[in-house]
Amino acid sequence: MPYRAPVAEYRFLLDHVVGFPQVAATDRFAEATPDVVAAMLTEAGRVCEEVLSPLQRSGDTQPTRLENGVVRMSPGFGEAYHALADAGFLGVAGPVEHGGLGLPMSVATALNEMMSGSCLASHLTPLMAQGQIEALAHHAPEWMQALYIPKLASGEWSATMNLTEPQAGSDVGALTTRAEPLGDGRYRITGQKIYITGGDNDFAANVSHLVLARLPDGAPGTKGISLFLVPKFLPREDGTPGTPNALRVVGLEHKLGLHASPTCTMSYEGATGWLVGEEHKGMRCMFTMMNNARLGVGMQGIGVAEGAFQHALAYAMERRQGRTPVGDGRGAIVEHADVRRMLATMKAELFAARAIAFACAAAIDMETATADPAWAARAALLTPIAKAFGTDTGLKLADTGIQIHGGMGVIEETGAAQYWRDVRVTAIYEGTNGIQAMDLVGRKMADGGEAAQALIDEIEGGTEAARDRLPDLAGPVWQAAETLREATEAVVATTDPTDRFAGSVPYLKGFARVLGAHYHLRAALAEGGTGPRTALAQVYVRRLLPEHAGLLAEARAGGADLYALSDEDLAA
């Protein structure tokens, strides 16, 4: 079925739920007027519906391929990339002085969801461009920004990030790629990187690789890593691509999904690169791009959730099977109670995940506009939640969409299974969801839980404002917030890292459950307490919010029971 961009939903969230008017009121984002934002969202919706959506199935059946060392893209994907670039979507939040639009991350976040929902495989390379623009804008020398950012924003060049190596996996500090200084500002990069999204293509004149490597005097682990920009072609003095660099694609991964997105094994064979940021501070620089990508990947999960929901709803509205409990009993399966339950909870989950991600983007914008440490802490806290809950929601809704299709869900021609195959990797991208949870209970609680408690205070304040008008919703949300507060205090008090990490995933999920209820309650209030948003909030609070209690109880269980099972016991 065709994809429909949920532009009206974005505008409601921005205007009434996550506080975007506060962002637009700052001097930094004064240009993000309602008319500008509406025009950008509307145009993005048109491009996603008309250009990207038709590539969803064709890209799956006509995958990228490697021919004589050259990556050949699926038909139409190059044209789609340039259509996105021409509309300004690659540099939407990039610096104006280097060809970006300078709009808030909140707007970029909505665009990222639309691109993902219409065709996830077509979004991966644009997301890399957005992230690299931000990393260069924060850490690169001026000459590098002036040369590379305009090329990336225009779509003339594409971008990658190179972290993972065969022996290292998620342990980035175990990398062995070497960087040797040449004494003239250049470095010689040698090593192999795997899982490189968009490592090459046949539509960009150049590919700008950000590569983590270790200098000869770099200390072991992540503290000794530096970041380098290594282009596919060495730019001439006029900025045009010149001599090929000493790097190549040596293989394409054969993946479960995302067949139209090339995931490359890259070999750097004494390639020329330039330092980004300070020596041995590469992880700090790369985290700028990774945090951008973490929110972006969360939106990929949410975008696929929207696509899977639309696909399942359309099928349920048309498919007739069995006697239904309304009308003449011959209605579509959407009238069956269990199918209605699945669709209603899909929609409620989707709203919660989207609201959390938009709230994260708004916090990033407020941090950018004000440099207020409280906003920085809020953005940092919400990033792992938005990434993990967004991608978990994508997986869950894609799976539910298959279930609604019944037997036809596992027949590839219906397209239902593709959503699940494509979205599965997002829970692994940019730090697995387990790593996100460990980050949440680790680094993000290093303030003694202050940022988390401030957010819980806000949730409880929202319930107090809603008690008179929506007591049946406000009461359970307040009680859930109190349970979350107690669990947060317990996490902060836990000194054994194994006990913290053993409960980190359920803690993140429980936190997300309560946040989702908070934003549903805001939506119901904004609607006036009656109407479809209030009804959807009731679905969430009654059917999904109760899960928080079990999750947060598990978060406090520690790790002793897990390690009471020996390796031999697990294998028995």
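**Spaces, rings and backbone**

Trainee: How do the residues of the lining of the largest cavity divide by class?

Mentor: They divide into ten nonpolar, three polar and no charged residues. Ala, Val, Leu, Ile, Met, Phe, Trp, Tyr, Cys and Pro count as nonpolar, Asp, Glu, Lys and Arg as charged, and the others, Gly among them, as polar. Please note that this is a predicted model, in which local features need pLDDT of at least 70 and side-chain atom pairs count only at pLDDT 80 or more, while totals for chains, interfaces and linings use all residues. Residues are numbered from 1 along each chain as its sequence is written, and side-chain values use heavy atoms, with hydrogens and water left out.

Trainee: How many cavities of 30 Å³ or more are there, and how much space lies in the largest?

Mentor: There is one cavity of 30 Å³ or more, and the largest cavity holds about 80 Å³ of space. Its lining has 13 residues, of which Phe-77, Ala-121, Ser-122, Thr-125 and Pro-126 are the closest to its centre. On a 1 Å grid over the protein atoms alone, a cavity is a set of points where a 1.4 Å probe fits but cannot get out; a pocket is an open set with protein on both sides within 12 Å along at least five of seven lines; lining residues have an atom within 4 Å of a point. A volume is the space filled by probe spheres set on the points, which are joined across faces, edges and corners.

Trainee: Turning to the open spaces, what volume does the largest pocket have?

Mentor: The largest pocket has a volume of about 1,200 Å³. It is lined by 46 residues, and Glu-134, His-138, Thr-288, Ile-364 and Thr-368 are the closest to its centre. Two or more lining residues come from each of helix H6 (105-118), H7, helix H9 (282-318), helix H10 (337-370), helix H11 (373-405) and helix H13 (433-441). H9 gives the largest share, seven residues. The classes in this lining are 22 nonpolar, 13 polar and eleven charged residues.

Trainee: And what about the second largest pocket?

Mentor: The second largest pocket has a volume of about 1,100 Å³. Of its 43 lining residues, Thr-164, Ile-428, Tyr-429, Glu-430 and Gly-431 lie nearest its centre. H9 gives the most to this lining, with six residues. By class, there are 21 nonpolar, twelve polar and ten charged residues.

Trainee: Changing topic, how many aromatic pairs does a search of the whole structure find?

Mentor: The search finds six. Among them, Tyr-507 and Phe-511 form an edge-to-face pair, 5.8 Å centre to centre with 90 degrees between the planes. Rings of Phe, Tyr and Trp (its six-membered ring) pair if their centres lie within 6.5 Å; planes under 30 degrees apart count as stacked, over 60 as edge-to-face and the rest as tilted.

Trainee: How are Tyr-507 and Phe-511 placed in helix H17?

Mentor: The two are about one helical turn apart, because they are four residues apart in helix H17 (residues 504-527). Tyr-507 is buried, with a relative accessible area of 0%, and Phe-511 is likewise buried at 0%. Buried means under 20% relative accessible area, exposed over 50%, and partly exposed in between (1.4 Å probe, protein chains only).

Trainee: What sits over the ring of Phe-12?

Mentor: The charged end of Arg-533 sits there, 3.6 Å from the ring centre. The criterion is NZ of Lys or CZ of Arg within 6 Å of the ring centre and within 35 degrees of the ring normal.

Trainee: Now the backbone. Which residue has a positive phi of about 70 degrees although it is not a glycine?

Mentor: That is His-280, in the loop between strand S11 (263-276) and H9. His-280 is partly exposed, at 22% relative accessibility. Ala-371 also has a positive phi, near 60 degrees. Ala-371 lies in the loop between H10 and H11 and is exposed, with a relative accessible area of 62%.

Trainee: In which sense do strand S4 and S5 pair?

Mentor: Strand S4 (residues 178-181) and S5, the strand of residues 186-197, pair in the antiparallel sense over four bridges. Strands pair if DSSP finds at least two bridges between them. Pro-181 stands opposite Tyr-187 in S5. The hairpin has four residues between the strands, and Gly-183 takes a positive phi near 90 degrees there.
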